[in-house]
Every structure is written in C-alpha cells, then in structure tokens.
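Keep the viewer open and pick out each part as it comes up.

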Amino acid sequence: MRTILLHILRRFGQFVLVVFIGINLTFLIIHISPIDPVEASVSAMTAFSSSQPEAVELLRKSLRELYGLQGTLFDQYIVFWKRILVADFGPSLSAFPTPVSTLIGRALPWTVGLLLVATVLSWVFGNLVGGLAGYYRNSRFLKLAGVIFMALNPVPYYIVAFILLIVFGYLWPILPLTGAYEMNMQPGYRLDFILSVVVHSLLPILSLVLVGIGGWFLGMRALVSNIVTEDYVVYAELGGVSRTRILASYVMRNALMPQVTGLAIVLGSIFNGAIITEVVFGYPGLGRLLVSGVESGDYSLVLGVTTVSIVTVSTAVFLIDLLYPLLDPRIQAG
Amino acid sequence: MLEERKLMRMLKPLAMLVGAMVLGLQGYAAEDVTSLPRNQTLIVDNPEGTIRNAGWFNIWAANGGGLSTGLQQLGMDTFWYIDPDSGINNQVWDNSLASDPPIYNKDFTEMTVKLRKGLTWSDGVEFTADDVVYTIQEHQKNEGLVNWHPAVSVNVDSVSAPDKYTVVFKLKKPNSRFHALFTVRWNAMWMMPKHIFEKQSDPAKYDFNPPVTIGSYKLHSFDPNGGWFIWEKRDDWKNTSLARFGEPAPKYVSYVDSGPPEKRVIAQLNHQLDIIHDLSPEAMFTLAKQSKTLVTWFKGFPYAHPDPTLPMVIFNDQLDKFKNPDVRWALALLIDIKAVDMAAYRGAATISALAVPPTGNYPKFYFDPLQEWLKDFTIDTGKQTIHSYDPTMGQQIADLLRPSYGAAIPSDPAAIARSIGMGWWKPNPQAATELLEKAGFKHEGGKWLMPDGKPFTIKILVEGNARSIMTNAGTLIAQEWKDFGLDASTEVSTNTVIDTRRPLGDFDVLLGWSVETWGGHPDLSFFLDSWHSEFVAKPGERQAPRNWQRWSSPDLDKIIEQIRTIAFDDPKGLELGQEYAKLMVKEMPVIPLMSYNVFTAMDTKYWTGYPNAETDPYTDPVPNWANSRVMMVKLKPTGAN
C-alpha cells in the first residue's frame, strides 16, 4: 500500500512539474514573440479608416491600458499566475472584452466531439483490421486493406481533406462543405440540429479517420504478428481452441496494451484541436481558436488554449501511469 | 478461403451501413445550405472568417465582434459616403444621414450638419440630432469606446443641437477635413442609438445584442460560433437613408465564413455563395473558365476590382542608404514592371507610375492629365539626361498576356489603359549605375559599396503566404536588384509581426502601401495629411500611420499646408494633388507599382445587377466595404429556385 502511495505521489509530483514548466515556457515564448497585440489592433483599426497621427497615439495609449499590458514582464507574470490559479485567463485581446474561458468553453465541445469520434473510430477500426491482418496473414482482402492504409498514412491530412472536399463537395456534392451545422439553424437538443451536426462532421471525421487509421493498423499488425508465434498461442492452437477465441482472448488482448497507452495520449492531445481540419472545414474548434490567437498576437487566448492543452495531455499521461500497474501486473509500482 | 468468407460476413453489416448512409445523403442537395428561401437570400463571403465573439455588436468598442458581418454594411449609417467608383446615379458624394454636405465656418473651426428627416431606428424610434450629440459626447468621455474616442477627443471641443435636425461641432483647432471622420470610405464613425445606449451603465461594456439598426436591414439570426450572420430587410426600410435609391431586393443577406479560396470556388460553382470577397489570381482564372454564371468587375482580364490602395516599394527613407533620391531612382530603374506584374498577379493588375492608385476616377483626375508631363520628365544621371517613362508599358503587358488568355485581353487602347494600366519606367541598368555613382556609391570587387565604404545591402520585408501577391512581387524585385549586382534579399514575416515592426521603422524596404485614397473623389488628405513632417518620428521611435517611408520634404509640407486651408471640393485641391504626384516622381521616396486588385467573384444564378467597370460602375463590389450597401437596391432576383 505504501509503495502504491509513493508511486502516486511521485507521479503526481512529475505531473505538477510538467504542467508548471509547460505553462512557464508558453508564457515566455509568447512574451518574447515579436508581435505586439496593441500594434496589431492599431493596424486593424486604422487600416481602412482616416487616421490622424495624434488620434492614433491616443488610441495606442488607450489600448495598452485596456488590455492591461502596462508594467514589467515580471508584473505581468505575477498577474498571469494569479489568474491561472483561479482558471481565469482574462479577456481575449482580439475578441475584447470576451473572457478567454468563454471562447475556450465555446470551442471545446466541437473539438472534443470531432476528435473524440475520429480518434475512437480510427483506433477501433485500425486495431481491429490490424489485428485481423496480423492473424490472418494470407487474406487477400486484408493485404489490400494494408496496402491502402499504408498508402494513406503518410499523406498529409490536408491533402486528404481537400480531395474529400472536391469529391463529396463538388464532383458528387452530397456533403456540406463548411461549418458545424446548417446556416440559419440555432443550436439545441433537437433531432434536426443533431442530424445537421452529424452530416456536417462527416467530411472532417472521414479525413481524420482515413489518415489516422494507418498508424493503428500498422502497430497492431506488427504486435499481433509477434504474438502469434508465442508458445502459448501455438499451444492453444494445438489444443484445439477455436481461432476466433485465440484471436480475441489470447492475441488481441495481449497486443492491446501499448495501443491503449497510445490511445490515452492521443485522447489527451485532442484538446490541442485539429488545426488544419478545422481550418479547411470551417469547424469552430480549439485549433482554429489557437491559430487566430497566434496570428493576432492575443497573449491571453494563446495562453488559455495552450494551458488547457498542457494540463489535459499531462493529466492523460498521469492517469495512464496510475492505471498501468493495475492493467499490467508485470509492471511494478515504483 | 473459408477465413476470407468469414471475414466478408463480418464486414457485411458495415458495408450495408455505409451504403445506407450514402443513400440517405443523396437526399441532401448541395445547394441547400440554408433553410431560408434561397431566391430571396444573398449569400456573401465575409473575409474576416469566423468571428470569435459573435454575439458582440458594439462596433464602437475595442475589437468589438466582426465588422464586415453585415453589421457595418447593412446595419450602420453615418452622415456621408464617398463611393470609390462612380457612385449610384453617377453621384460619388452621397448625403446619407445628413441632408446636405458639411457646412464649415471660414476658418474651419466649426462644422454644421443638417440631418435628413423621417429616418427611424429599427425599433421605430426617430433618428434625430440627439443621437448625434449623444454619440459624440459619449465618445468624448468614454475611453472604452476606443475605435473613435481618440479622433473625437483630438478634434471636438463641443457639440450641440440647435434644433432636432441640426448639429454643430465646435473644433479644438481648424480642420477642413473633419467631416472625413463621418464619411465612409470602407467605414467611418457610425451613429449610436441614444435611447438604447443611455440606459447602459457603461456603453463600452454593452454587447448591443441584438443591434438596433439605422441601416435598411436588421439582424435576423447569427451563429453563436461566428460562422454566419443573417440580416433581414426591415419592414420599415422606407424610413432609412438607402430608400432614396429604391427598395433593397434581397429579403435576407447572409455573411458567411466560406473558408480557404479552393472552398470558395467550389461553393460558388455549387451556387452556395453569391459573392466571393477575394481569390488568388489562379483561382479566379479557374472560376472564369468553369463557371457559366460568373460576373466580375472587368468582364475579361484582369477580372479583379482595383482597390483605391497602392502597393509599392516602401524605402525606409531615414536610413542613410536611401536618403539620396538618386539611389531610390537607380533602384526604380532596375525594376522590370512587366515581370513584377506577372510574378505578383500573373498580369492581372493595373500598373501605376504615379503615387496614387490607378483606380476609380483617378485615371481621369491624375493619370490622363499627367501623361504628357511624364513623357517629358527627365532624370539627370550625372552623365546623361534620360526620358524614362514608357507610355506603352500597359500595351506591352497586354501583348504579353494575349497568347495565353486570348480574347479575355482587351485590345482597345483605352480599355487597356483602364484595366492593365498606362505607362511605367523603362528598365535602364546603365542609368542606374550612373545614378548610384553620382550618389557616391562604388562598385568594387563585385560588390556595391556605400559612400562610407560599407557594403550596400537591401532586405525587402514581405508578408509570406498571408499576402502571396506582394511576396511574389518583393521576391522578384529582390532578384532583379541581385541580378544587377546588389546584395538584395527578401525577409519574410507574418503580417502581425510586420504590424509591430513597421511603425518602428524596423526594415530596409517594405512591400506594402502608404497611399490610400477616396477613389471617387480627388482629395488626397485621407492619407496625405499624415505625411506632414510634423508627424515623422525620429529613428527608432514609433511612427504614426501612414507615412511608413518616414519621408519628409519641405515641398510636400507646403502642399499639405495648402490643402488644409482649402475646402474639400475646391478645384485647387486637384491641382495640389497633381503637384504632389509630380513631387513623388521627382523624389521617388517610394516606388509605386500597381493597384491592389481584389478578385471579387459574383454569381448570377440567383441575382443580377452587380456593378461592373464597363457598363455600370456604381460601386465597389468588394463586399466588406460599407459602400457595398448600395448593391442591395441595384440587385434583381432571377427567380431561380
């Protein structure tokens, strides 16, 4: 019991350290960025309008006060940590005065929904077909599937996304091109809205699944190919155990362990958003939010999104570390 | 084989599920992007993309929501508009909320505005002088209304309303162009509904959702995630200023984030997007080939609408290496504008030798009258006097393009001059060498050295993929300078980094613009007043927009000071503008290149009556301009379903 407690404490310490270092690094990187959010706003506000020099000077001063960018870097660092500890990232500078937490809260469900479904689908199908391909090594169908997945795997997913757009949005236009739901439809727990969301998510999900499935497939096929030569599998085959049972209980189950770890880490990282997919398909998720924050020099927004991402990935790894000894008795705590 | 069959049996339900889904989706028609009646709905591309704080309509506060979501085009209004092209009914100047042009006192310290009667806000409350007085006074005291608080604070001493339809501004100092604050060129200071904002404890923190509008449309609905905004024609549209031109045709106008250019093209080919804001030249050429329902500003090449903005080579004139006009001229004479035009716009631009955009009414105001002067203009290289202006440069570009684009390239010289441009400077490396030597530069050991013996290096700052047109132009110019033997290269930064570096003068040469004009009106003060030497920052200090070249000249100051003393419509303004254009040629503090072309694509499946250069240039079709509101009364439904 003491060993387990020590293990948990040690891992928790590592978790806190990783989060602390990650957030500090983000703060530093953002603040040494050559982008001045005030100048970005001034530029946007004076790009088309009449811009009297005296008025622009006053505008700069007003924005600096409004954005709370006075004080030294250290002063801003202290304010930043005070806010982080109460999960308040302050107002977004580029969507002033909306709080960053509101923007993240709005984008998060879309990203999580999209990536959760895409990740789980690719994981399930990739592992299932990979497992089958590793076990039924002579199947022509599975060999063909392997070739297709291996061919798709290295293709950058924005290429797949654009091909899907052209095929299903233009040549055979059966799927919507953009957005998360139909124009003029208000979000709500209604069948028409849910259907619209599902239809709008098909292309982005398909682009992610097509590319993502290959990695799981290859990993699982390699793992299963090794396991089928293990003594206990050969013994089971000789003992007349059915092939379906051998595959499910003896092979796949043992091969799944590293894949589960991979899944946990990928699930943690879905909070980063799928930047290109979200941009290409006009999906209102975290990835686009992060990119827009970087482009506009919006310190608060970038810090907010990155902090959420750091915390969730670290939490996923922390949980896996805790669960590992329970899942695999060969791994001793500590 | 047995295993194969087993596998197939396992996969059968999955295949059936996918088949059923595809069949179900067949019922989904590509054009059904909205449940609104499509033949009454105009769908417009919003270049701002997804709006992060979609529910924020307070356009007067800092970074408040989206601007070109239809909010400024259809919901807002102010005293006057100047059209960047010919204007509706050929009237460039439009009295909008005002019934007359501004009335100044003799020394331009007071401006009186007469308001139009019978206008109402979308909630039925009448628009009066009280709204104007409230708007100004609130901006005087509330720093949070940061969009126009600085301009009001700097200019306005007091504002009053002698009667319900008259407003008098008393100014802190003479300003003959004070009305520009309330005159739309893309946007202007919009009027606030007093009866709504006066109830708020802090108007700067009020989201103004839903907005009470003074334009002909009111907000119908919007995507909380910022993807689309739908505006509905007001039942009482007759009580709005636009009603003077007729009834707006579309019942609904939807401004959408339509994604990257490839998607915009697909969406328009599917008739899901009536107006595309902008495309790359290549995407426009593709659309022109594939769409049977496309119309553009120019019927053929270059298709695009030239904005009244002038891309140019901006020298940092405070650097020693660029202080001498001979050096700047030498660099201009090393540019082959035909190659730059091809690299930047694939030839689809309007070239400009003058430091005013060759767009709107400016060919008539500036380019036609100065052609002879340009032809006669000479440069003294120290060893010879040369005429450098080649008036056939536009024609040469047209000839260059004709083999590739055939009939799309105009052949009429007047049409070529209007669409591709008139003349530009002949490349002349010999003259460039002489000018550099005249300036004390030396060519030694294969390198050009400055008079102080240090190597003459030039870095051109460009925006990369964010503005690939300018990046391509900058890259080609650097190559041309390099081919001559100069140590020239490009430096790529994002636009927000450039926003930070540009005011600090942290660059050698910048590909950008510091000239923006009204387009329809010859007055240049919109950008030129800020070029006065009183506003030029010291090296290293922050420069106010728009004199990014940090150039000052006593001759220019005189021109600006004279413009300040005359009325906006005084014919002398055009003379002074032409003096400015000549001075810029002589001094070459920036090298003007071409117009900033916006490849706006309009689909005629559901709507016709879009503006075009040849037969009805009634406004700028680029839909994020507030002036584009007049399109609503000129459009006609085709009746297509």
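This is a predicted model: local features need pLDDT of at least 70, side-chain atom pairs count only at pLDDT 80 or more; totals for chains, interfaces and linings use all residues.

Chain A has 13 helices and zero strands, while chain B holds a five-stranded open sheet. The two chains touch each other, with 62 residues of chain B in contact with 63 residues of chain A.

**Chain A as a whole**

- Reading from the N terminus, the elements of chain A run α-α-α-α-α-α-α-α-α-α-α-α-α, in keeping with its 13 helices and zero strands.
- The C-alpha trace of chain A spans about 90 × 60 × 35 Å along its principal axes.
- Chain A has 334 residues, and 41% of them count as buried.
- Among contacts in chain A with a separation of 6 or more, 72% come from residues 24 or more positions apart.

- Helix α3 of chain A covers residues 53-66, and its 14 residues should span 20 Å at 1.5 Å a residue. The end C-alpha atoms of this helix are 20 Å apart, which agrees.
- Which residues of α3(A) are buried? They are A:Pro53, A:Ala55, A:Val56, A:Leu59, A:Ser62, A:Leu63 and A:Leu66.
- These buried residues of α3(A) pack against α2 (37-46) of chain A together with α4 of chain B, so you can look for partners from both chains here.
- Just after α3(A) comes A:Gly68, which takes a positive phi of about 65°.
- Helix α4 of chain A (residues 73-85) can be checked in the same manner: its 13 residues should span 18 Å at 1.5 Å a residue, and its end C-alpha atoms are 18 Å apart, which agrees.

**Where the chains meet**

- The contact brings together 62 residues of chain B and 63 residues of chain A.
- On the chain B side, the elements that give two or more residues are α1 (2-26), α4 (149-155), β10 (228-233), β11 (252-256), α6 (261-269) and α15 (495-504).
- By class, that side of chain B has 29 nonpolar, 23 polar and 10 charged residues.

**Domains of chain B**

- The domain assignment gives chain B a domain 1 (38-273 + 601-637) and a domain 2 (306-597).
- How far apart do the C-alpha centres of domain 1 and domain 2 of chain B lie? They lie 33 Å apart.
- The contact between these domains takes 13 residues from domain 1 of chain B and 15 residues from domain 2 of chain B.
- The side of domain 1 of chain B that touches domain 2 of chain B has six nonpolar, three polar and four charged residues.

**A mixed sheet in chain B**

- Five strands form this open sheet in the order β23-β22-β24-β15-β25 (chain B), with mixed pairing.
- The edge strands are β23 (487-492) and β25 (590-592) of chain B, each pairing on one side only.
- From one strand to the next, the twist averages 20°.
- β15(B) and β25(B) run antiparallel and are joined by three bridges. B:Ile314 has B:Val590 as its bridge partner in β25(B).
- β15(B) also pairs with β24(B) in the antiparallel sense, over four bridges. Here B:Phe315 stands opposite B:Val509 in β24(B).
- Strand β22 of chain B (residues 457-462) runs parallel to β24(B), with two bridges joining them. B:Ile460 stands opposite B:Val509 in β24(B).
- In a regular strand the side chains alternate between the two faces of the sheet. In β24 of chain B (residues 509-512), B:Val509 and B:Leu511 point one way and B:Leu510 and B:Gly512 the other way, and all are buried.

- Where does B:Pro311 lie? Its place is the loop between β14 (305-307) and β15 (312-315) of chain B.
- B:Pro311 counts as buried because 27 other C-beta atoms lie within 10 Å, and 20 or more are needed for that label.
- B:Pro311 and B:Leu511 are 200 residues apart in sequence, yet 7.0 Å apart in space, C-alpha to C-alpha.
- Leaving aside residues up to four places away in sequence, B:Pro311 touches B:Met470, B:Ala473, B:Leu511, B:Trp513, B:Leu593, B:Met594 and B:Tyr596.

Conventions:
Residues are numbered from 1 along each chain as its sequence is written. Chains are lettered from A and ligands numbered from 1 in the order in which they are written. Two residues are in contact if their C-beta atoms, placed from the backbone, lie within 7 Å. Ala, Val, Leu, Ile, Met, Phe, Trp, Tyr, Cys and Pro count as nonpolar, Asp, Glu, Lys and Arg as charged, and the others, Gly among them, as polar. The expected span of a helix is 1.5 Å times one less than its number of residues. A residue is buried if 20 or more other C-beta atoms lie within 10 Å of its own, exposed if 12 or fewer, and partly exposed in between; C-beta atoms are placed from the backbone. Domain bounds come from an automatic or database domain assignment. Two strands pair if DSSP finds at least two bridges between them. Axes are lines fitted to C-alpha atoms, for helices over the stretch in contact, and angles run from 0 to 180 degrees between N-to-C directions.
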